[in-house]
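Please look over the model below before reading my notes. The points follow the sheets and then the ligand site.

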Amino acid sequence: MFDDSITPSSAVARYDAILIGTGVNGMFQLIRLRELGLSVRAFEAAGDVGGTWYWNRYPGCRFDSESYTYIHSFSQELLNEWDWSEHFSAQPDTLRYCNYVADKFDLRKDIQFNARVTSAVFNEAHNEWEITLADGSRARSRYFVTALGPLSTPVIPSFEGIDSFKGESHHTGLWPHTPVDFAGRRVAVIGTGASGVQLIQTIAKTVDHLTVFQRRPNWCSPLNNAPIDAEEMNRIRARYTEIFAKCRDSEGGFIHVVDPRKAGEVSAQEREEVFERLYQTPGFAIWLANFYDTFTDQTANDFITEFVARKIRGRVNDPAIAERLIPKDHGFGTRRVPMESGYYEVYNQNNVELVSTLETPIERITPTGLRVGGKDYAFDIIIYATGFDAMLGAYNQIDIRGCGGQSLKEKWAEVPRTFLGVQVAGFPNMMMVIGPHTGASFCNMPRCGEENVDFVTDLIRFTQTKGFSRVQPSVESEIAWTEHVHQVAEKLLINKTDSWFTGINRNIEGRQTRRVLLYAGGATRYRRKCDEQVASGYAGFEFR
Ligand code: NAP
């Protein structure tokens with residue numbers, strides 16, 4: 001527990017607020033905490049800012065959100081200065097944007113890089129958090145804000161023999177800073193989620209031979225990306241207010257507006273025309289601007305599922321391979337839709353092989369490659385596109401202890417319990433940015449993330465100006481919010497499907513059963529709930 005005897009408190013650095021994580025939303029949180037006049041120290045495990053965009057450097061990594069909706073909206077100057085060159089920006093551009101923000105607001109002076117936080121313990125006597133880093137150093141603060149990222153803990157399955165492989169191997173979320181040369185190499189990719197799809201369609205252009213090991217296929221849909229020239233950028237810039245307002249009015253923080261009709265209300269021909277238009281529309285339109293009952297009504301979902309299956313059959317030459325690429329265990333959009341640019345056509349190449357590991361799982365990694373169904377495959381490079389310990393992983397990696405030494409990991413062992421996804425009862429003065437059960441967890445991250453940061457900032461401001469030294473939700477608020485989160489989830493087909501949305505990760509012990517990790521009640525309802533708290537003087541919270 002909090003042990004003054006080990007390090008005299010005078011030897012430990014003290015701040016008003018400690019922030020962990022300096023991705024897109026962490027950086028904004030740092031700016032807002034500074035604006036409150038607080039002394040802030042941010043700890044960042046990476047060597048620089050950017051979060052997701054720092055770590056995920058794999059070939060083909062890019063936005064699936066429109067670039068101009070992913071931008072910070074708080075600074076008109078920043079909006080005036082930054083130009084996007086594509087509708088869906090590639091990772092190097094996005095990382096450049098993050099660096100630009102860090103430089104412009106001189107953020108790095110308050111950030112300690114290569115600083116992995118291992119524990120955070122609340123001292124009830126002093127109303128302070130004590131943070132310990134991997135190197136043993138410590139820091140203390142009144143407020144402890146986590147911006148850890150929902151997908152920041154990469155998971156490599158513990159395949160037998162994994163360390164015996166003599167070639168190169170990488171996880172998409174831990175990509176090296178030096179380029180990986182695929183030319184003339186035999187490459188294996190394990191995993192066909194959003195990361196795998198982006199990587200596969202990109203490296204297929206240069207590899208000697210590519211073997212994709214697919215367990216369960218996903219419903220992928222065209223990204224329809226395009227460059228943005230100077231003139232178009234100026235037109236976009238002139239529309240920023242309108243763009244942000246449109247995102248704000250939508251339930252997912254995107255520019256795509258759901259079709260208010262039920263799928264069964266229109267004729268088969270009209271439905272086909274709508275689907276065709278959405279298939280040709282850039283970005284998530286086919287997912288988010290579809291008929292409004294697509295993800296609550298099985299028959300409605302079957303319509304779009306059948307349409308996309310037909311598209312896959314039309315794009316893949318070999319009917320047997322096409323069937324292997326068509327999901328049979330879930331309907332369209334009930335897992336995250338990977339956006340693609342020529343993904344299905346990759347399987348028409350002679351040097352690309354698709355191996356299904358659904359019935360015959362990967363047996364082991366060998367010194368020369370891997371073994372599936374008794375057959376040995378030889379590779380120079382193995383890529384693990386095997387995903388993340390979503391939402392919970394980053395929290396579980398830190399030994400977070402609240403009042404009475406209660407462990408957050410233990411409290412959340414079955415399901416996360418929070419109030420508004422922002423605070424946890426028994427963990428005073430700890431605030432989460434895009435934690436489990438926030439509105440921002442199922443939303444265009446920067447759009448809802450900004451609102452999340454502003455709510456956290458206002459809560460701290462309120463606590464400070466009223467002279468309180470502690471804030472935490474009441475147990476009743478936490479119970480009511482957790483019930484509400486579960487209740488809204490029940491209606492969605494998404495919650496009847498295995499994916500990281502529902503907390504499933506078969507590579508991690510104890511993650512074989514579904515749990516609700518995201519708030520699926522919509523961004524506008526979430527905002528209303530937050531606004532009610534502000535208007536009521538934070539009635540759901542307890543102050544001391
Ligand atoms: P993911 O969606 O969780 O996909 C992981 C893949 O690895 C799945 O195909 C999974 O198969 C497979 N896999 C895992 N363990 C395996 C094993 N032991 N044997 C065989 N296959 C295995 O992870 P991701 O692709 O990294 O994407 C995660 C999330 O990151 C996305 O949903 C998205 O939210 C975000 N992302 C965003 C962007 C963007 O905006 N541009 C790009 C990439 C990622 P199963 O499906 O059978 O489990």
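**Notes on the sheets and the ligand site**

1. E168 stands opposite I381 in β16. β7 and strand β16 (residues 381–384) run parallel and are joined by 4 bridges. Two strands count as paired if DSSP finds at least two bridges between them. Helices (H or I, at least four residues) and strands (E, at least two) are DSSP runs, numbered from the N terminus.

2. A word on the source. This is a predicted model: local features need pLDDT of at least 70, side-chain atom pairs count only at pLDDT 80 or more, and totals for chains, interfaces and linings use all residues. Residues are numbered from 1 along each chain as its sequence is written, and side-chain values use heavy atoms, with hydrogens and water left out.

3. The parallel sheet. β7 and β16 belong to an open sheet of 5 strands, in the order β7-β16-β8-β9-β12, with parallel pairing. β7 (168–171) and β12 (352–356) stand at the edges; each has a single partner strand, so one side of each is left without a neighbour in the sheet. The twist averages 15° from one strand to the next. Here axes are lines fitted to C-alpha atoms (for helices, over the stretch in contact), and angles run from 0 to 180 degrees between N-to-C directions.

4. The antiparallel sheet. An open sheet of 3 strands has the order β13-β14-β15, and its pairing is antiparallel. The edges are β13 (362–366) and β15 (375–378), each with a single partner strand, so one side of each lacks a neighbour in the sheet. The twist averages 25° from one strand to the next.

5. Pairing of β13 with β14. Strand β14 (residues 369–372) pairs with β13 over 4 bridges, in the antiparallel sense. Which residues of β14 are the bridge partners of I365 and I362? L370 is the partner of I365, and V372 is the partner of I362.

6. Pairing of β14 with β15. These strands run antiparallel, joined by 4 bridges. G369 has A378 in β15 as its bridge partner. The hairpin of β14 and β15 has 2 residues between the strands, and G373 there takes a positive phi near 55°.

7. The ligand shell. The ligand is surrounded by 25 residues, the closest being R62, S195, R215, W500 and N507. A residue counts as near if one of its heavy atoms lies within 4 Å of the molecule. By class, the shell has 10 nonpolar, 9 polar and 6 charged residues. Nonpolar means Ala, Val, Leu, Ile, Met, Phe, Trp, Tyr, Cys and Pro; charged means Asp, Glu, Lys and Arg; the others, Gly among them, are polar. Helix α5 (residues 194–203) gives the largest share, 3 residues.

8. Polar contacts (here, pairs of N or O atoms within 3.5 Å). A polar backbone atom of R62 is 2.3 Å from a nitrogen atom of the ligand. A polar backbone atom of A194 is 3.1 Å from an oxygen atom of the ligand. R335 places a polar side-chain atom 3.1 Å from an oxygen atom of the ligand. Taken alone the ligand exposes 910 Å², and the protein buries 85% of that; areas come from the Shrake-Rupley method with a 1.4 Å probe.

Notes:
A polar contact is a pair of N or O atoms within 3.5 Å; within protein, one must be able to donate a hydrogen and the other to accept it, and residues adjacent in sequence count only if both atoms are side-chain atoms.
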